[in-house]
Amino acid sequence: MIMPIRAINLLFIIFFPFAALAAAAEVDPAAAKAYTISSIKPEMVGNALYMTIVGDSQPIYIVTERYSPFRVLLDIANAVMPAAGSAVTLPKNDFVTYTVSTIKGQQAEVSRFEFKIAESHGYKVVTEGNDIQIAITPSVPPGETAANTVRAPPTLTDIQVEEQPGITTVKLASTAPLAGYKTSTRRRGKNKPAAMIIDIANVSIDKLAPEKIVHSATLAKIHLARRGNGARVIFEATGRVLFKFVVNKLDDGIQVIIKDREAAASTETVATPAPSADTAIDKLIESSASLPRKSRGGAKNSFLASGYSQEHISVDFYKIDIHNVFRLFHEVSNLNIVVDQDVKGTLTLALNDVPWDFALDIICNLMELNQAKRDNTIVIYPKKKEFVWPSVSG
């Protein structure tokens, strides 16, 4: 549902929010099952904020407004908050802040998310399965009829596949430039082939089929699925080993260049990624000048000699929130990754076939972060702070 700012009668908001909550859901919220929130995921894309509240069942909620200053209240009935729910920090911005509180003494206990939104922005609240998604985006410019509503996200309209000797090129065509994406890889499993994955923020895939059969020498299928307010695109390999690839951001979508394994063995690179305004790549080159270079046939031995022995990965991050990057390292390493709340920022980084501990060291050097390691846990924190492992008494 789209909620134009300052559109709800104030008296109704003050005296009837919980009755409205029950009526909107057509059930008694006091008798409804608990809505357990497993995580709260904020993401900044340009001058817009997208937040996903991840739950385990269909939520019962109501959205209302307050004034002086203007606020948007999201009240969720019988919500069970995660331990650190109210401590989730928004990316740095100048148009929205939020708090979380508990309202008791009503028909149902309610968890209240209160957003203070600047005049420059509007908001939208929708459900996607069991999740609640909040979008706070710039208002429509004056003169347009739908003032203070949220613009529709870009839409993927086509998957174009072109095959040439040794190379398969895939274009994910979109109606507008895409705000951000990240790539990751998946190892071959018992029931899953090796794959390259692109997660795209704030995009619709409603116009596309969920699967495209390719049957090239290296690429078997392309799967699409909704993921939060964006999409996940999975490129499945035909063989046991994942293909080499390069991902380029275009004005009207994303280009993926895939090189056949035999052709990839004869050259070092497929194509040069489009230049980015972000300076992280330049910093990466400077910070890694003394680190081992990849050489045909000898890369793994070179990394081992330098003390990097973990599983090799390929990553391509484009202006991705740093917390999402560390989530990937948790999945790859199977270690606990604890990130200090003062760790902030976005990252653009492209690495091909390197140990994950090598990639983690580079990221920490770029972002001026320290690592503390013990047993199966890595703690990431700013270099300006100190960290002390808790002592065990007894």
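**Entry 1: the four-stranded sheet**

I started with an open sheet of four strands, whose order is β4-β5-β8-β7 and whose pairing is antiparallel. I keep in mind that this is a predicted model. Which strands stand at the edges? I found β4 (61-66) and β7 (96-103) there; each has a single partner strand, so one side of each has no neighbour in the sheet. Ignoring direction, I noted that neighbouring strands here are turned by 20° against each other on average.

Next I followed β7 to its partner. Strand β8 (residues 110-117) runs antiparallel to β7, and eight bridges join the two. To find my way along this pair, I looked up Val96, which stands opposite Ile117 in β8.

**Entry 2: aromatic rings**

How many aromatic pairs does the structure hold? I have five in my notes. For Phe243 and Phe245, the ring centres are 6.4 Å apart and the planes are at 80°; planes over 60 degrees apart count as edge-to-face, so that is what I call this pair. Both Phe243 and Phe245 are buried.

Then I turned to Tyr381 and Phe387. Their ring centres lie 5.8 Å apart with the planes at 35°, so I wrote this pair down as tilted. Buried or partly exposed: how do Tyr381 and Phe387 count? Tyr381 has 12% relative accessibility, so I count Tyr381 as buried. Phe387 comes out at 31%, so Phe387 goes down as partly exposed.

I also marked one aromatic cluster, formed by Tyr98, Phe113 and Phe115.

**Entry 3**

My last stop was an open sheet of three strands in the order β21-β24-β23, where the pairing is mixed. At its edges I found β21 (336-339) and β23 (369-374); each has a single partner strand, so one side of each is left without a neighbour in the sheet. From one strand to the next, the twist averages 20°.

I then checked how β21 meets β24 (residues 377-382): the two run parallel and are joined by four bridges. Here Asn336 stands opposite Thr377 in β24.

Which helix touches β21, β23 and β24? I found helix α6 (residues 322-333) packed on the sheet, with a direction at about 165° to that of β21.

Methods
Residues numbered from 1 in each chain as written. Predicted model: local features only at pLDDT ≥ 70, side-chain atom pairs only at ≥ 80, totals over all residues. Heavy atoms only, no water. Pairing = 2+ DSSP bridges. Axes fitted to C-alpha atoms, helices over the stretch in contact; angles between N-to-C directions. Contact = heavy atoms within 4.5 Å. Phe/Tyr/Trp six-rings, centres within 6.5 Å; stacked < 30°, edge-to-face > 60°. Buried < 20%, exposed > 50% of the residue type's maximum accessible area, 1.4 Å probe, protein only.
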